[in-house]
Amino acid sequence: MDREHLSFFRISRSKISGDFIFEVVVGFFALSILILAFLLFRELFVESGLSRNIFGLGFLTSSTWDPVKEVFGALPFIFGTLVSSFLALLIAVPFSLGIAIYLSELAPEKLRTPLSFIIELLASIPSVIIGLWGIFILAPFIRDYLAPPLSTYLGFLPLFQGPMYGPSMLTGGVILAIMIIPITSSVSREVIMTVPTHQREAALALGATGWETTQIAVLPYARSGIFGAVILGFGRAIGETMAVTMVIGNSQKISESLFSPSNTMASVIANQFSEATSNLHVSSLIEIGFLLLMISIIINIAARILVWKLLRVESGGRA
Amino acid sequence: MKWNKRKLIDMIMSNMSAACVVIAIIPLVSILYTVIINGISSINPDFLTQLPKPVGEPGGGLGNAIQGTFIVVGIASLIGLPIGILSGVYLSEYGENRFGRFVSFMADVLTGTPSVVAGMFGYTFIVLYFKSFSAIAGGVALSVLMIPIVTRTTEESLKLVPGSIKEASLALGIPKWKTTLYIVISTGKSGIITGALLAIARISGETAPLLFTSFGNMFWANGLDKPISTMPVQIYTYAIAPYPDWHAKAWAGALVLIILILVLNIGVRFITRRKYGM
């Protein structure tokens, strides 16, 4: 009798403490993600202190980047990042939307999964290999076949003036577009697929064609989520490093022309960080990295909120 | 007439969106084609097993870079997989509270960390501390990219485990931690493994985090606290050099790397799909 009592006691005790220990252990690992985020932030913040003390806010607005004289301003790189990423969006968004619509609304059922798999496969190809392809295939292609007609027909715009040697802002934008199409299109597709079927059926029942259904019943419903997908692509473009570094030409000059070489925040870090010798140079590059981290975190938060809001409304509606 | 116009627009738009898909696939096909065509001629046993030779000398290979990639990715996995998987277990099984939702949100946000920033973190956190580029620093930088991915995929795949299974186990008097370990995790195992392998595939090709952490080395690995050669960095070095001979090696290296990554990627999806089918 006593033994029975004891064993019951033991089981219930071990149950409580086992659960408690397990929860604390896995909880600690979960906490480590917050610690990681904090460390990431702190390391870059502390190590960029020197540059922040010397240049202050002028770091963001000065366009002089001179490692010899030790004067550093990040404007050319902020400019390069913004222009190349917007260019990428300009190219990638229409394509991504077309892909998302086709794969969620219009394509034959059998083709949908394999086609989306193939498009997402592009995202798994390492950036350095896309850069290698960019140097030897894409840049010459743009120089020989895309730039001449642009300068002939749109040459009156400052955007398409000057000589084009291959590595340029334009090439960087195109390669970024190629790299963000998988994420933008797959998130848009997921968002479009959350549109309730009765929306479509209602439009179809009124006699709308497949495209009209997409236009009046599907896209308005998915708008904010698609916007989130676009922002997510933007965040990807801003942080993308290797492929851009290899094709953008690495020049510190701010130029109006898309044909001139340029540099992005990520590419200047990749190019100069391991060769930077002075403390101030290293610190300035780390400050660029810190800015890059902040921008991409803000962009990611915005995108997640937009995408999540839609997905949550949908799942709430179902429950 | 009006009806015809609507039908025409429908047809044009459908075809245009199909064309988007075709155009988006062209770069992929072109990349795979050029990598195979340019890379295949330089691939031979020597290329896979020998050390690189200086410029001008023929022959030589990427043996040390292949070895280095396995070492650095191995270090990253040793750090990233336990943290990622256990955090995912917490989020899915105990995470229905403010803290859990916040961690899940942060993990999601961290998946957007620019890879070059992860490299910088490896530099300031490890390289500056030990005053040397090292394989460990490279592994740490890669694990920064790996942890949030593994966390989220683990969380997602464990959330798919039906509640009825957990309840059945709990009803038998099995404590929650044992239920989690032996029932939930073993049911969601294939999802966790898929996520882990995809994360490994993803970081194996990363270059930017390694440029100033593991750096590079022309010799075989001689210690985890020393600079180490990796395939992506070696490909980058060869690609931007002005020597045609090095370009050929860059293509060959790219072919090896792409095969490694695509086999992981496609293989994983194939295996898991078949499992779910059964």
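Leaving aside its neighbours within four places in sequence, with which residues is I78(A) in contact? In this predicted model, for which local features need pLDDT of at least 70, side-chain atom pairs count only at pLDDT 80 or more, and totals for chains, interfaces and linings use all residues, side-chain values use heavy atoms, with hydrogens and water left out. Residues are numbered from 1 along each chain as its sequence is written, while chains are lettered from A and ligands numbered from 1 in the order in which they are written. Beyond the neighbours within four places in sequence, I78(A) is in contact with L60(A) and M265(A), contact meaning heavy atoms within 4.5 Å. I78(A) belongs to helix α4 of chain A; helices (H or I, at least four residues) and strands (E, at least two) are DSSP runs, numbered from the N terminus. A separation of 10 Å is found between the C-alpha atoms of I78(A) and I254(A), which stand 176 residues apart along the chain.

Chain B comprises 12 helices and 0 strands. Its order along the sequence is α-α-α-α-α-α-α-α-α-α-α-α. Taken along the principal axes, the box filled by the C-alpha atoms of chain B is roughly 70 × 70 × 35 Å.

The contact between the chains takes 75 residues from chain A and 80 residues from chain B. About 7000 Å² is buried between chain B and chain A, and carbon and sulfur atoms give 82% of this area; buried area is the accessible area (1.4 Å probe) that two parts lose on being put together, summed over both. Across the interface of chain B and chain A, 9 residue pairs are in polar contact, both residues being at pLDDT 80 or more. A polar contact is a pair of N or O atoms within 3.5 Å; within protein, one must be able to donate a hydrogen and the other to accept it, and residues adjacent in sequence count only if both atoms are side-chain atoms. On the side of chain B that touches chain A, helix α1 (residues 2-39) of chain B gives the largest share, 19 residues. That side of chain B divides into 57 nonpolar, 17 polar and 6 charged residues, where Ala, Val, Leu, Ile, Met, Phe, Trp, Tyr, Cys and Pro count as nonpolar, Asp, Glu, Lys and Arg as charged, and the others, Gly among them, as polar.

Side chains of opposite charge can pair when their charged atoms come close. Over all chains, the structure holds 16 salt bridges, each a side-chain nitrogen of Lys or Arg within 4 Å of a carboxyl oxygen of Asp or Glu. One salt bridge joins the side chains of K166(B) and E93(B) (3.5 Å, N to O). This pair links distant parts of the chain, 73 residues apart, with K166(B) in helix α7 (residues 163-171) and E93(B) in helix α3 (residues 63-93) of chain B. Between chain B and chain A the count is 2 salt bridges. E212(A) and R6(B) form a salt bridge through their side chains (2.7 Å, N to O).

The count of cavities of 30 Å³ or more is 2. On a 1 Å grid over the protein atoms alone, a cavity is a set of points where a 1.4 Å probe fits but cannot get out, and lining residues have an atom within 4 Å of a point. Grid points are joined across faces, edges and corners, and a volume is the space filled by probe spheres set on the points. The largest cavity holds about 40 Å³ of space. Its lining includes I99(A), S116(A), P182(A) and R189(A). The largest share of this lining, 4 residues, comes from α7(A). The second largest cavity has a volume of about 30 Å³, and α4(A) gives the largest share of its lining, 3 residues.

Terms used. 1 Å grid on protein atoms, 1.4 Å probe; cavity = no way out; pocket = protein on both sides within 12 Å on 5 of 7 lines; lining within 4 Å.
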